Amino acid sequence: MEQFQIPQSFIEEQNRSFIQPANRAYDVLAEDLDRRGISIGSITEKAAKFEVALPSWAVGTGGTRFAKFPGPGEPRTVEEKLADCATVHQLIRITPRVSLHIPWDKPADASRLKAFAQSLGLGFDAMNSNTFQDQPGQALSYKFGSLTHADRSVRRKAIDHNLECVEIGQKLDSKALTVWIGDGANFPGQIDFRRSLERYLESLREIVRALPDDWKLFIEYKPYEPALYATVLNDWGTAYYCASELGPKVRCLVDLGHHLPNTNIELVVARLLQCGKLGGFHFNDSKYGDDDLDAGSIKPFQLFLVFHELVMAAEESPDPRNISYMIDQSHNVTDPLESLMVSAEEIQRAYVQALLVDRKALRAHQEKNDALMALRTLKEAFRTDVTPILQRARIVRGGAIDPLLLYRASGYRDRKARERPARTEPSAGIV
Ligand code: AFD
Ligand code: MN
Ligand code: MN
């Protein structure tokens, strides 16, 4: 059956009903920013260049450990996932790359998949390995760990799987591998803390050796879950230590949901930047733990403060080894494509707001120990409604002025529901 795509003419037609108020709002904001000594044109240009990668595993409905409630028209193959990602990118225009998860997305023919992605205007971001789950018929189990397992043959299997991810990624023109492991313990005494970290390093060393010269390896820490007592790669300090031991190709990945409640994540970001070991982000939001909620939905000020650190560091010393921005979310109660569009926009919004911070004034307030004026300087940027800039950045690239409303008006989901009949068996569990 022919695969429905939103016609570009539909976007143009829909935009017509939004263009006048969008232009007016842009002009008003331009005047306001001009008074603050900021050129809206250069901010809009930066906004239009901003990019964040989509996770292939987030275009289908996620779930909790109780159940999953899939919606109509869920993608069933990696090609269908790419088609959904292309739709998100078509409307939002800042998500040109997809991060694949192997073996979930293992292509039968990698070069064909690459060509297919290209035909949709997409490329590939970091590859993700999966050693936190056994595959059907798997003889050696990851139940008690993978890269840090006490049994050498299980470690071997997990290493080989990561090498395979790199091999597939090379054919797809990916330039990075992200490694997240669930290894750890549920009971005191279950694992030897120091030995398991040693084994982690030993396994990673072998993967790093096989990494192509122009590749990076991101190590993703997380304090708990699925291991509920102790996790091997539990925090940024441990990740920093490992990344230093493993050499220049290895960097730390900050997933915003992978911290204990109330952790000062912007401070973690500043520390990793200062140590030269910040590799990338998994954006999402959370209230309690690794909730994988939509970026900016719970703590938009925190997201802004993270970008303030990133923008500030980039201004002080432009680092050619750029940082990878990726989304990692689980959409349980929303249409995943809607959540991805809104989240990408919220991430871009935080970035643009951070660009507006009067950093000279901030520094002066810091030097005079004027805490309230320093906060006010940040708040002035954070409170600025930059929506007209985001809209203009999309307009110039042929995207939608209002992606969410346009997506709903397009009938995309209904068309996919007809094209992709649901699987009959109920599926439980997270993503
Ligand atoms: C799990 C982990 C982690 C990882 C993702 C994809 O918590 O966030 O990035 O799976 O592997 O949610
Ligand atoms: Mn993650
Ligand atoms: Mn997670």
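## A walk through the model

Guide: Strand β10, residues 278-283, is largely enclosed by the rest of the structure, because six of its six residues are buried. Keep in mind that this is a predicted model.

Visitor: Which way does β9 run relative to β10, parallel or antiparallel?

Guide: Parallel. Strand β9 covers residues 250-255, and four bridges join β9 to β10.

Visitor: And what stands opposite V254?

Guide: F281, in β10.

Visitor: Switching to the core. How many residues has the largest nonpolar one?

Guide: The largest nonpolar core has 107 residues. I219, C252 and I327 have the most contacts inside it. Helix α11, residues 336-355, gives the largest share of this core, with 10 residues.

Visitor: What is I219 in contact with, sequence neighbours within four places aside?

Guide: V179, L233, A239, C242, A243, V250, C252 and L253.

Visitor: Now the ligand. Which residues are around ligand 1?

Guide: H101, N128, W180, E220, K222, D255, H282, D290 and D328. By class, that shell has five charged residues, three polar and one nonpolar.

Visitor: Helices next. How does the reach of α6 compare with what is expected?

Guide: Helix α6 spans residues 152-172, 21 residues in total. From first C-alpha to last, α6 reaches 30 Å, close to the 30 Å expected at 1.5 Å a residue.

Visitor: Which residues of α6 are buried?

Guide: V154, R155, A158, I159, N162, C165, V166, I168, G169 and L172.

Visitor: Why would residues three or four places apart point the same way in an α-helix?

Guide: Because an α-helix has 3.6 residues a turn.

Visitor: What covers the buried residues of α6?

Guide: The cover includes helices α5 (110-119) and α7 (193-209). It also includes strands β3 (123-124), β4 (127-128) and β5 (176-179).

Visitor: What happens just after α6?

Guide: D173 takes a positive phi there, about 70 degrees.

Visitor: Last topic, L29. Where is L29 found?

Guide: In helix α2, residues 19-35.

Visitor: Is L29 buried or exposed?

Guide: Buried, because 21 other C-beta atoms lie within 10 Å of L29, and the cut-off for buried is 20 or more.

Visitor: Which contacts does L29 make, leaving aside neighbours within four places?

Guide: L29 is in contact with I40, P388 and I389.

Visitor: And how many Å apart are L29 and S129 in space?

Guide: 44 Å, C-alpha to C-alpha. In sequence, L29 and S129 are 100 residues apart.

How values were computed
Residues numbered from 1 in each chain as written. Chains lettered and ligands numbered in written order. Predicted model: local features only at pLDDT ≥ 70, side-chain atom pairs only at ≥ 80, totals over all residues. Core = buried A, V, L, I, M, F, W, Y, C linked by C-beta atoms within 7 Å. Buried ≥ 20, exposed ≤ 12 C-beta atoms within 10 Å, placed from the backbone. Helix = DSSP H or I, 4+ residues; strand = E, 2+ residues; numbered from the N terminus. Contact = placed C-beta atoms within 7 Å. Expected span 1.5 Å × (residues − 1). Near = placed C-beta within 6 Å. Nonpolar A, V, L, I, M, F, W, Y, C, P; charged D, E, K, R; others polar. Pairing = 2+ DSSP bridges.
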